[in-house]
Amino acid sequence: MTTTAPTAIGLPVSDADPFSHEVLEDPTPFHAQLRDAGPVVYLDRYDVYAFGRHEQVHAALVDWQQFQSAAGVGLSNFRYEKPWRPPSLVLEADPPRHDAPRRVLTKVLGPRALRRLHEQWVADAEVLVDQVLAAGAEFDAVPALAEAFPLRVFPDAVGLPAQGRENLLPYGDHAFNAFGPPNDLVARGNPRVAELSAWVGAQCAREVLAPQGFGADIWAAADRGDITHEQAPLVVRSLLTAGVDTTVHGLSAVLYAVATNPDQWRRLRAQPELARVAFDEAVRWESPVQTFFRTATTDVAVAGHVVPEGKKILMFLASANRDPRRWADPDAFDLGRDPSGHVGFGMGIHQCVGQHVARLEAEALLTALARRVATIEPAGPTKRHHNNTLRAWESIPVRMLPA
Amino acid sequence: MHETTERTHAAPGGMATDVAMLRVTAKTRVAAGVVTVQLAAPDGGRLPDWTPGAHVDLTFGNGLTRQYSLCGDRWDAGTYRVGVLLEPAGRGGSSYVHEQLEPGHLVGIGGPRNNFPLVPADAYLFIAGGIGITPLLPMIAQAQLLGADWRLLYGGRQRSSMAFLDELAGYGERVQVAPQDEVGLLDLPTFLGRPRAGVRVYCCGPAPLLAAAEATCADWPPHSLRTERFVAAEQGAPALSTPFEVELRRSGRRVTVTPDVSVLQAVAGAGVDVLSSCRQGTCGTCETAVLDGRPDHRDSLLDDDERAAGDCMYICVSRSCTERLVLDL
Ligand code: HEM
Ligand code: FES
């Protein structure tokens with residue numbers, strides 16, 4: 001990134017493109033430049049104000065009064081542009097409209113509600129790991145584990161029918177690309193948007209969903225009047241958009257982390273109760289969700305600068321999660337650190353309502369692996385998958401030797 | 001059909017820590033026997049977010065804990081406001097607030113928690129009896145903001161004892177003020193009219209008013225009526241302002257939690273890191289199973305049944321009612 005002369009008020013300006021393939025391939029150097037340029041940096045290419053430091057990102061995430069979501073959490077400003085799909089009632093809503101759907105999801109996806117899934121998911125993880133290891137020590141961890149496990153447990157937990165589940169990942173991939181600028185990644189997804197959206201929309205109907213599951217729970221909340229029946233399908237949709245790709249890339253992140261940090265894998269094997277810490281540390285370290293936008297509801301003063309009303313703010317969660325002002329040795333994947341306070345799941349009223357689902361999936365898979373696998377090592381060149389919002393792997397060849 | 005949440009249980013004590021103390025920034029008499037109290041974080045920072053219908057548990061210097069509905073403006077992230085009626089028959093919470101609490105004092109805080117949320121609807125009918133107006137005030141502001149069709153029927157003994165009439169005056173004809181000494185008991189059948197779908201009825205006030213609302217709404221579609229009961233009888237629990245002991249069963253350690261630290265901090269000090277995130281009792285990350293002892297719940301997550309079960313707690317904010325707490329850590 002080239003940081004040009006500060007403007008009259010001293011605001012650093014950059015012409016960098018955070019959504020270029022170069023940055024998406026390895027955003028770490030760009031994040032470091034962004035943080036060092038200042039607490040707020042104006043990205044003139046997109047006319048947005050970027051926050052790269054933990055302090056400002058955290059402050060913006062919790063301050064829904066000044067940094068709103070209802071104008072979209074992507075680059076597109078819903079005040080002026082038509083959204084590509086009906087906006088989310090949760091992610092892309094402000095109080096008071098955000099309240100009721102959020103409250104319903106908090107209960108449906110809460111730690112207490114997940115207790116009944118715990119045993120089943122642990123058993124499912126063990127079966128999957130056994131199958132994968134039986135097929136050979138060398139395999140690609142992305143399709144074999146990171147994609148296979150969430151696709152095995154999550155659609156069932158929602159109550160989706162068996163047919164068409166292969167649409168979930170492409171739909172989510174496009175939705176997360178669509179938060180960025182209309183670049184080649186979005187263009188590549190566009191031809192299938194109508195078809196995929198129609199499929200996803202159809203799965204949100206009450207008759208299509210199983211009588212038990214997150215989907216049915218959401219409809220039951222509508223029966224109680226906690227949300228309206230008109231809202232229920234879009235609330236179900238939020239799980240299908242936000243609940244699959246995110247966990248796939250979160251699991252890829254932790255698998256890559258342990259494959260490339262054998263000392264940390266040994267530590268996890270010795271203390272399997274560190275599985276949750278390992279996952280959150282991977283979410284901090286890799287930030288599967290890299291960025292989200294907000295819109296200023298008023299002229300907001302930030303670290304001596306002013307973000308004008310109506311302008312978009314780009315919050316770099318990934319950069320905040322590796323800000324040396326907040327974290328010691330931020331680039332190290334370290335099970336000895338307390339990753340609490342990372343913003344990989346966001347913070348404040350929009351903080352990921354599915355985080356306990358993601359943690360339970362990770363805990364089940366990591367514990368099953370820790371029990372059966374002595375060593376994990378890279379077994380070939382890895383390949384990134386580029387997405388405007390997600391940090392993702394397409395391929396992580398590994399060799400796992402059984403215990 | 002209706003849902004009632006009742007506030008008869010006394011929130012157990014446990015003096016708040018630094019992390020859970022608010023400062024009184026103003027106390028204002030708003031009607032005969034009613035004061036509002038404004039609270040802010042000692043460092044002036046953001047307070048935990050809340051939604052209309054929410055209440056907080058406040059623990060006072062005399063060790064009593066009481067629940068009060070938040071009746072301020074949620075767009076002002078740094079301030080809470082509660083309204084407190086002086087109840088001579090009560091057991092000391094309200095008289096403490098009226099007679100002894102002053103700006104500058106610190107109070108312990110739990111929550112906010114919401115058992116009385118405003119659900120989406122095209123139209124709302126609000127019914128308030130006396131100090132029961134407090135949770136309805138932010139609901140009304142919200143209904144207005146959303147452009148919903150709403151009306152309020154507000155009863156009280158006499159005009160001079162009815163709080164917030166000035167604030168409500170701005171809403172014009174949507175608000176019907178009905179002091180008992182002028183117009184008699186509230187005429188619910190006339191106010192509510194014929195049963196119809198798509199309307200939510202919110203009622204807060206003394207038990208007889210809620211019973212009347214329930215009777216009048218008997219023929220309404222299920223879930224039309226939502227109520228919250230204010231119970232005059234205050235049941236105090238002595239506050240546990242002393243340190244308590246936490247036993248970490250799995251790691252075989254014991255730590256003492258002094259009033260100035262959270263359980264989360266104390267446990268971390270003993271070398272057991274528990275994953276946390278919001279540190280406000282809202283996200284659920286620090287959930288910890290309780291094996292023995294009775295937690296003093298201060299989170300925003302558990303409902304009354306889950307609290308009563310006492311089998312888990314959010315250790316970033318919650319404390320202990322018993323001198324010993326055994327956690328599955
Ligand atoms: C590792 C996995 C995951 C990551 C990294 C992640 C990340 C995030 C982030 C950063 C936000 C905040 C958005 C904002 O502030 O604008 C968020 C919100 C959300 N997430 Fe997740 N997520 C994950 C898994 C899940 C799962 C499994 C589900 C569903 C079961 C889910 C559903 C949601 C929903 C519905 C929201 C919107 C909440 C709101 O706006 O109130 N997420 N997620
Ligand atoms: S850390 Fe969020 S509830 Fe305790």
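Predicted model: local features only at pLDDT ≥ 70, side-chain atom pairs only at ≥ 80, totals over all residues.
Colleague: What is the order of strands in the open sheet of six strands in chain B, and which strands stand at its edges?

Modeller: The order is β5-β4-β7-β2-β3-β6 (chain B), and the pairing is antiparallel. At the edges stand β5 (65–69) and β6 (80–85) of chain B, each of which has a single partner strand, so one side of each is left without a neighbour in the sheet. From one strand to the next, the twist averages 35°.

Colleague: Where are the cis peptide bonds described for chain B and chain A, and what is omega in each?

Modeller: Most peptide bonds are trans, and most residues other than glycine have a negative phi. In chain B, the bond from B:G111 to B:P112 is cis, with omega near 5°, and B:P112 belongs to strand β7 (residues 106–114) of chain B. In chain A, a cis peptide bond joins A:P95 and A:P96, with omega of about 5°; A:P96 is found in the loop between β5 (67–68) and α4 (99–108) of chain A.

Colleague: Which phi value does A:S287 have, and where is that residue placed?

Modeller: Phi of A:S287 is near 50°, which is a positive value in a residue other than glycine. A:S287 has its place in the loop between α14 (275–286) and β7 (291–296) of chain A.

Colleague: Turning to the open sheet of three strands in chain A, what is its order, and which are its edge strands?

Modeller: The order is β6-β14-β11 (chain A), with antiparallel pairing, and the edge strands are β6 (138–140) and β11 (373–378) of chain A, since each pairs on one side only. The twist from one strand to the next averages 30°. Helix α12 (residues 245–260) of chain A packs on this sheet, where α12 touches β11 and β14 of chain A, and its direction makes about 95° with that of β11(A). Helix α16 (residues 355–372) of chain A also lies across β11 and β14 of chain A, running at about 105° to β11(A).

Colleague: How many bridges join β11(A) to β14 of chain A, and what is the bridge partner of A:V373?

Modeller: Five bridges join β11(A) to β14 (residues 397–402) of chain A, the two strands running antiparallel. The bridge partner of A:V373 in β14(A) is A:P402.

Colleague: How many residues does the hairpin between β12(A) and β13(A) pass through?

Modeller: The hairpin joins β12(A) to β13(A) through four residues. Strand β12 (residues 383–386) and strand β13 (residues 391–395) of chain A run antiparallel and are joined by four bridges, with A:S395 in β13(A) as the bridge partner of A:K383.

Colleague: Returning to α16(A), at what angle does its axis cross that of α5 of chain A, and is the crossing left-handed or right-handed?

Modeller: The axes of α5 (residues 111–134) of chain A and α16(A) come within 8 Å and cross at roughly 35°, and α5(A) passes α16(A) in a right-handed crossing. Among the residues that meet across this pair are A:L114, A:W121 and A:V129 in α5(A), and A:V357, A:L360 and A:A368 in α16(A).

Colleague: Which protein donor does the iron atom of ligand 1 have?

Modeller: The iron atom has a single donor from the protein, the SG atom of A:C352, which is 2.2 Å away. A:C352 lies in the loop between α15 (317–320) and α16 of chain A.

Colleague: Which residues come nearest to ligand 1, and what distances are found for its oxygen atoms?

Modeller: Of the 27 residues around ligand 1, those that come nearest are A:H98, A:R102, A:R294, A:H350 and A:C352. An oxygen atom of ligand 1 is 2.7 Å from an N or O atom in the side chain of A:R294, and an oxygen atom is 2.6 Å from an N or O atom in the side chain of A:H350. For A:V90, a polar backbone atom is 3.3 Å from an oxygen atom of ligand 1.

Definitions and conventions:
Residues numbered from 1 in each chain as written. Chains lettered and ligands numbered in written order. Heavy atoms only, no water. Pairing = 2+ DSSP bridges. Axes fitted to C-alpha atoms, helices over the stretch in contact; angles between N-to-C directions. Contact = heavy atoms within 4.5 Å. Donors = N, O, S within 2.8 Å, 3.2 Å for Na, K, Ca; no water. Near = heavy atom within 4 Å. Polar contact = N/O pair within 3.5 Å; in protein donor to acceptor, adjacent residues only side chain to side chain. Left-handed = near helix turned anticlockwise from the far one by under 90°.
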